[in-house]
Each structure stands twice: as C-alpha cells, then as structure tokens.
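Here is a short report for a reader meeting this structure for the first time. Please look over the sequence and the model before reading on.

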Amino acid sequence: MFRGTLTASQRRLAFGLVLPALFVILFINIYPLFQSFILSLQEYNAKFPAQRHYVWFGNYLKLFRDPEYLAALRTTFFFTFVSVALELFLGLGAALIMNRPFFGRGLVRAAVLIPWAIPTVISARMWEWMYNDQFGVINDILMHLHLIPEPIPWLGRPGVALWAIIIADVWKTMPFMALLLLAGLQVIPEELYEAAVIDGAGTFKRFWYVTLPLLRPAILVSLIFRTIDAFRVFDVVFVLTGGASGTKTLVVLNREVFFSFLNYGYGSAISVTIFAFIFLISLAYIKGFGRKWRLIE
Amino acid sequence: MRRGFRIRKALRRLGFYLFAVVPLVAVCSFPLYWSINTSLKTHNEIILWPPTWFPRKIYFENYISVFSAHHFERNLLNSAIVAGVTTAAALALGVLCAYALARLRFPGRMALMVLILMMSMFPRISILIPLFLMMRGLHWLNTYQGLIVPYISFSLPLAIWIMTSFFRGIPSELEEAALVDGATPLQAMVRVVLPLAAPGLVTAGLLVFIAAWNEFLFALNFTFDDTTRTVPVAIALFSRQFEIPWGELNAATVIVTVPLVLLVLIFQRRIIAGLTAGAVKG
C-alpha cells in the first residue's frame, strides 16, 4: 500500500519502526559475529591472557589436522543426514495419516504436538531414563519381544550411542516436519486427485505423480529448517552422553574448547567454520531449489 | 458382492487404525507416560527389574521433595521471568518492524528481510564467546538481563516473520480508509491494524515464549547458581552427589511438561498456523 504516495514522512516512519529491532540485531548478533571472526585469528587462551597475539589463519590450519575436530565433523554430518532423512520419511508418513479424514483425527494431531511441546533438555532426560542400562524400559520392551538377549547400555556403547541420540532427536523433531508437510498437503486441490482417478491412477501413482511434485515446496522448506537445526545440535547430545561414546558433534566440541579448555581463539575458529558450513548448506538449498519455491515474498 | 465390499472396507479402516493411527499416537505419547509413571513410584519400585508399567501404589513424595529438597520453584520463577520479559520485549519491537516490512515501502526493505531470515538460521554458538565476554564486562553474568537481552535478539526474527505474514493477510483498504479520514499512518497502525492482528500477536508470543523457555546453550553458560538458573539448566544438572534421583527428576519433568503440553493443546491451531506461516504459500 501507499504505493506512489511515498512521502518523506512515511519513509521516516518506516525507519523509525524498523530501527529498534535493527539496533538489537546489529549489536547482539552481527557485531559479536564479527568479533568471533577477529578472535578466531588470535592465539587466545583465557588461562594465559598475557600471551594473546595474532596468528592470522593459524587456528584454521590447525583445525584440519586436529583429529578430534575431524571426528566431530564426521559425527555431525552423519547425525544431520541420518536424522533429517528419518524425519522426512516418518514425518511424511505421519502427515499422510493426519491428512485423511477419520474419527479422532483431532486427538492424533494433539498427540503429535506433544514431543514438539516438550523442551529438548527435558525430552532428552526422559529418553536417558528409558535408555537406562539397568532399569530402562527400552531394554525391557526389546527383551520381551526377544529382539535382544540381554540389556544393552545404549548410551555407553560407541556406535550404538549415536543411533540412540538420533532416535531421541527424531522423536522430538518429527512433529515439526509432519505439521509443515501436512500444511503443504492441505493446499493440494482435491480436483487433481479426482482427475487422476478418472485417468485410472492407483494409490501409488496418485502419490508419486500428484502428491510428491506438489508437496515439493513444503518438503524443501522443512528440509532446510531441519538440516540447519540438526547441524547445530547440542542439547540432546549434551544431556544423553555429554559427547562420550563417539557422539561429540561440532557444537558440543566447540563448547568444550570454550569452557573446559578456555581456548577462546581456537574455539572461535571452530565457531566460524560451523557458521560457514551452515551458510553453505543454506546456499546449496537456495541455489538448488530457490527458483522453484519462493521463500521470500 | 456388496457385502464383501463393505467388509473389506471395514477391515481396511481397522488396519489403518491398528497399523497407522495407534502406533503414531503411542510413540508420540509414550515417553511422557513413562515419566509420569516413574514420578509416582517409590525409589524401591523405580529400581525394580523388570520395570512395572503402573505404580503399585501412587506415591506423591517425589513431587514434594522437588520443592522441599531441590527448590525447583526458584527455577520455575527464573524461567517465567526470563521468558515473560523476552516475549513482551520481542513482541513490542517485532510488531513495529513487521508492520513497516508488510506495509511500507522503503529503501533497503528487501535487504532487511534477507538479513532477518539469515539471523533466524545462524548457529548461536558462533556468538557465544563474544556475548559471554560482553556480559562479563557489564557484570551481567548470572543475572536475568544477561539472558533476556540475547534471547530478545534470538526471538526477533521469528516474531517479525510471523507478524509480517499476519499483517499481509489484513486488507490494506482498512488503513487507507483511516488515512482518508485524516488519521496519521501511525494512528492507522495502532488503532486499526493492531487490533485485527491480535491473533497473530498471540501466535508469535506463544512461539517466542516456548523458545525462550526451552533455550539451553546460553542458559547453561551464562548462569552459575540457582538464583538465575532456568528450568532446562536445572533439569540437565539435576542430581544428588553420586546418583541421579530418577523419581524426583521425573516429577520435575512432569511439573514442567504437563502445563506446556496443555498450553500447546489449547492453542493448537494458532501454533500450527504460526509454525507454517510463510513456509507454505504454494
């Protein structure tokens, strides 16, 4: 609105309205981001503040020879890929179920919101208790089903622990995916399905040729949000294993470097790479699919 | 023939409930059930193997000692203050910015939209140390404002995004009529548009409140003791000297979760609308 009638006073109003929010974002987000980059160029350990000096890209060169960093990088990519893939698969299933008219659908939608409503730290502690090696209900259920012969220390065994974390994370975040996809399903016009039925398409063909292509925008939006979220995972790992048993992701490692080793310079270099990876992931999604789905406007 | 068809249809419906609906609901709600179950058991029953699926006798002592031994009320109060102030401030700032983005044309508008979108995605760990040093310099570590100020900046993009899409849904003829009647643009916004955008404010407020209530990374590192520790930090660090008191921990979990789940169920529609705002426009 106000098109063509843009007067100086209206422009002043716009700036006045935007300024407070912009001020907060600039000072609390952008400026610290810039500081992080500056810190990443320094040798700066808070235990020995007197020895602080510039090493330029020395921290970054060290990163790519640091086995712990490389392991965290691998763990993070594995976690991100597997949990987002599982979420997409299960979330799509849940969305398709909730999109069908049936008695009690409102109740199901409410139940699906439960995991979303629980704070991540709290849901992680619920899972920690269920995974407990001595008294945990998961061992109990699986032993009743004769799937495992004896209790398994889910969170203490390398290789198993990461999967246990992935399952807890998928449980927590699948509803978000399902609700976004459900919203996407609901805007698909019914006539398209009717036309497909007249053309003799079965259930699978209707899904493959009508639902999936039209759902693509919703799938991509939820993928981008969830991929970025999964890449910066912290809470669930911190609570379930603290990074032990081969589950140390980048953010968990990063926090350890900051607050256990007080190595602000090297830690900031890790932070900057996390930022760069997330930037690249978003860029890849937007470049790859941006024209097909319009996120802005 | 017709009867066979009807039976097949009934069987299919039964199969849909048994193999799709029931597992979905069961998986989503089981951890909460298990937490409630554990919270109502005595310590001796909690460490039974195999675990009991119902408490043998309902036992409320865990709920009492969460407050008497752990002073959990302090953590609840901290979280309520931090999340409440964050929500009020983020809404106040967010509404103004969103109105300008939705209704006014000004240079740099697109750039600002992109900036806000990017701010909602960047990893917060990458400003953890600069903000930590900033708060230490201000002597704001272990204070409410030391958490509230970062939280406002984290929730602004979400609030702005949701409010912008709500403002867009309100016909602009309403304000144009007010302008013709001699109102200033600011009056048109406050008197005409804001009342209509109230549902959007509730949605944005709920999502911001929940996000601030749940935040962990900053709360963990910016607070040192129970005078400011929020609920997630208290729950994550919940322990006695050498063992985790599972009964009390699960009682604390239920105390936090049940009101939150009720809140979400009451505002289900609003929350879903907010989560999907701007995400699926087709």
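## About the model

This is a predicted model: local features need pLDDT of at least 70, side-chain atom pairs count only at pLDDT 80 or more, and totals for chains, interfaces and linings use all residues. Residues are numbered from 1 along each chain as its sequence is written, while chains are lettered from A and ligands numbered from 1 in the order in which they are written.

## Chain B overall

Chain B has 14 helices and zero strands. Along the principal axes, the C-alpha atoms of chain B fill a box of roughly 80 × 75 × 30 Å.

Of the 282 residues in chain B, 45% are buried. A residue is buried if 20 or more other C-beta atoms lie within 10 Å of its own, exposed if 12 or fewer, and partly exposed in between, with C-beta atoms placed from the backbone. Contacts in chain B can also be sorted by sequence distance: among those between residues at least 6 apart, 78% join residues at least 24 apart. Two residues are in contact if their C-beta atoms, placed from the backbone, lie within 7 Å.

## Domains

Chain B is divided into domain 1 (2-59) and domain 2 (68-275). Such bounds come from an automatic or database domain assignment. The centres of these two domains of chain B, taken over C-alpha atoms, are 34 Å apart. Eight residues of domain 1 of chain B are in contact with seven residues of domain 2 of chain B. On the domain 1 side, helix H1 (2-39) and helix H2 (43-46) of chain B are the elements that give two or more residues. H1(B) gives the largest share, five residues. By class, this side of domain 1 of chain B has three nonpolar, four polar and one charged residues. Ala, Val, Leu, Ile, Met, Phe, Trp, Tyr, Cys and Pro count as nonpolar, Asp, Glu, Lys and Arg as charged, and the others, Gly among them, as polar.

For chain A, the assignment gives domain 1 (1-31) and domain 2 (41-289). Their centres, again over C-alpha atoms, are separated by 36 Å.

## Where the chains meet

The contact between the chains takes 78 residues from chain A and 78 residues from chain B. Helix H1 (residues 8-40) of chain A gives the most to the chain A side, with 18 residues. That side has 57 nonpolar, 13 polar and eight charged residues.

## The nonpolar core

The largest nonpolar core has 162 residues. A nonpolar core is a set of buried Ala, Val, Leu, Ile, Met, Phe, Trp, Tyr and Cys residues joined through C-beta atoms within 7 Å. Among those with the most contacts inside this core are Ala178(A), Leu240(A) and Cys97(B). Helix H7 (residues 160-186) of chain A gives the most to the core, with 17 residues. Leaving aside neighbours within four places in sequence, Ala178(A) is in contact with Gly91(A), Ala94(A), Ala95(A), Met98(A) and Val112(A).

## Helix H14 of chain B

In helix H14 (residues 268-275) of chain B, the buried residues are Ile271(B), Gly274(B) and Leu275(B). Seen down the axis of H14(B), they fall within an arc of 95 degrees, so they line one face of the helix. The arc is that of the directions from the helix axis to the C-beta atoms. The buried residues of H14(B) pack against H7 of chain A, and also against H7, helix H10 (198-214) and helix H13 (246-266) of chain B.

## Backbone sites in chain B

The peptide bond from Trp49(B) to Pro50(B) is cis, with omega near -5 degrees. Pro50(B) lies in the loop between H2 and helix H3 (61-68) of chain B.

His71(B) is not a glycine, yet its phi is positive, near 50 degrees. His71(B) sits in the loop between H3 and helix H4 (72-103) of chain B. With 13 C-beta neighbours inside 10 Å, His71(B) counts as partly exposed. His139(B) also has a positive phi, of about 55 degrees. The loop between helix H6 (128-137) and helix H7 (144-168) of chain B holds His139(B). His139(B) has 9 C-beta neighbours inside 10 Å, so His139(B) counts as exposed.

Note on methods. Helix = DSSP H or I, 4+ residues; strand = E, 2+ residues; numbered from the N terminus.
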